[in-house]
Amino acid sequence: MDRAYKQDIPSVIKRLEGLRDAFATLDSKTDWTRLRIEPLLEHAKSLDRLIHARQFTRETTRLRRGVAMFHADLVYFRENLQGLMKVLESERKAAPRRE
């Protein structure tokens, strides 16, 4: 496990919380918060708790062998965040037309 992973997960959590707040202001037919944001947020918070758990504090060296898996988590979150940003932008553009 590397420092980037430990730093990026809290960043992902903050961005997801920001997206949750942004989607809450929209009147969308699809509940993106419940459908994607909440599950992603739960996953990120769970990973954050685990990487800071006492049982893993002394295993940093051994966990480095799994860097590819940790990187895959970050790629997964980044792609979902990008997708959600596109949906948010689309929903915001469509909002004035609904009035």
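Contact is taken here to mean heavy atoms within 4.5 Å. The structure is a predicted model, in which local features need pLDDT of at least 70 and side-chain atom pairs count only at pLDDT 80 or more, while totals for chains, interfaces and linings use all residues. Residues are numbered from 1 along each chain as its sequence is written, and side-chain values use heavy atoms, with hydrogens and water left out.

The protein contains four helices and zero strands, these being DSSP runs (H or I of at least four residues for helices, E of at least two for strands) numbered from the N terminus, and the order along the sequence is α-α-α-α. Of the contacts with a separation of 6 or more, 82% join residues 24 or more positions apart.

Buried residues, defined by a relative accessible area under 20% (1.4 Å probe, protein chains only), make up 33% of the 99 residues.

When neighbours within four places in sequence are left aside, Leu84 is in contact with Leu16, Leu19, Phe23, Trp32, Arg36, Ile37 and Leu40. Asn80, which lies in helix α4 (residues 67-98), is buried, with a relative accessible area of 18%, and touches Arg36 and Leu40, not counting residues up to four places away in sequence.

Methods. Buried < 20%, exposed > 50% of the residue type's maximum accessible area, 1.4 Å probe, protein only.
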